[in-house]
Amino acid sequence: MGRQVKFGLAGVLLALSAFSAAPALGQSGTTAPAAEAPYAGSYYKRQLYVVTDMERALTLWRDVLGLQAGAITTSGPNSYSREVFNIPAEAQMRFCTLSAGPTQVRTMALLEVKGVPLPAKTGIRTTGAVINANGRLAEIISKAKAMGLTVFGPRVLASVGQGDGTEQGFLDWDGNVIVLYEYPKSDPPSVR
């Protein structure tokens, strides 16, 4: 019994000395990294495409790409869109937001402009939406071709962690650029 007590006491003393030599929890031989400063930049809200036919545009964005359309509203004569998009007062305008599931709410919008001709989009294309096809690239491209849209050839899209993917673009009826991409292992959507 006396030996057990000695061994027990020696074990406790050994454990205590090891504990006192080890750094406290959360401490290490290096200094802890400084906390990141809070984000102070702007927050992205949405991209907007001007279209000539809302219902036709929704057959692409809602029915083919799968985005969820909000209500279609009529824009009044004092809409800020008239000024920033240089839309004449005689034009009629309607607006609709689109969401991509519960984490990307109202990140896309369509602005229909009727009653005035829109200029042709020739030359260098200056804007485009980039969309994760989420395993549906071939299906979407097939439907875009069936709709008579201009479809560009696919390209290999290299990735470090997701395997080589594919990117492929097309134009909607109004010349707006849509580029799809898809990887073998798709990344989850960014939260907005």
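My entries below cover a pocket, a cavity and a surface patch.

**Before starting.** I'm working with a predicted model, so I keep that in mind throughout.

I looked up the second largest pocket and got about 550 Å³ of space. I count 25 residues in its lining, and the closest to the centre are Val50, Pro119, Lys121, Asp174 and Asn176. Which element gives the largest share of this lining? Strand 1 (residues 47-51) does, with 4 residues. I then sorted the lining of the second largest pocket by class and found 14 nonpolar, 8 polar and 3 charged residues.

**Cavity.** I asked for cavities of 30 Å³ or more, and the count came to 1. The largest cavity has a volume of about 30 Å³. I wrote down its lining: Val51, Asp53, Arg56, Ala57, Leu60, Trp61, Asp172, Trp173 and Asp174. Helix 2 (residues 54-64) supplies the largest share here, 4 residues. By class, I get 5 nonpolar and 4 charged residues in the lining of the largest cavity, with no polar ones. I notice Asp174 in both lists: it lines the largest cavity and is among the residues closest to the centre of the second largest pocket.

**Surface patch.** Next I went to the outside. Tyr80, Val84 and Phe85 make up a nonpolar patch there, and together they have about 330 Å² of accessible area. I placed Val84 in helix 3 (residues 80-84). Is Val84 exposed or partly exposed? I put it down as partly exposed, because its relative accessibility is 46% and the exposed class starts over 50%.

Conventions. Residues numbered from 1 in each chain as written. Predicted model: local features only at pLDDT ≥ 70, side-chain atom pairs only at ≥ 80, totals over all residues. Heavy atoms only, no water. 1 Å grid on protein atoms, 1.4 Å probe; cavity = no way out; pocket = protein on both sides within 12 Å on 5 of 7 lines; lining within 4 Å. Points joined across faces, edges and corners; volume = space filled by probe spheres on them. Helix = DSSP H or I, 4+ residues; strand = E, 2+ residues; numbered from the N terminus. Nonpolar A, V, L, I, M, F, W, Y, C, P; charged D, E, K, R; others polar. Patch = residues over 30% accessible without salt bridge, like charges linked within 9 Å, V, L, I, M, F, W, Y side chains within 5 Å. Areas by Shrake-Rupley, 256 points an atom, 1.4 Å probe, with all protein chains shown as cover. Salt bridge = Lys/Arg side-chain N within 4 Å of Asp/Glu carboxyl O. Buried < 20%, exposed > 50% of the residue type's maximum accessible area, 1.4 Å probe, protein only.
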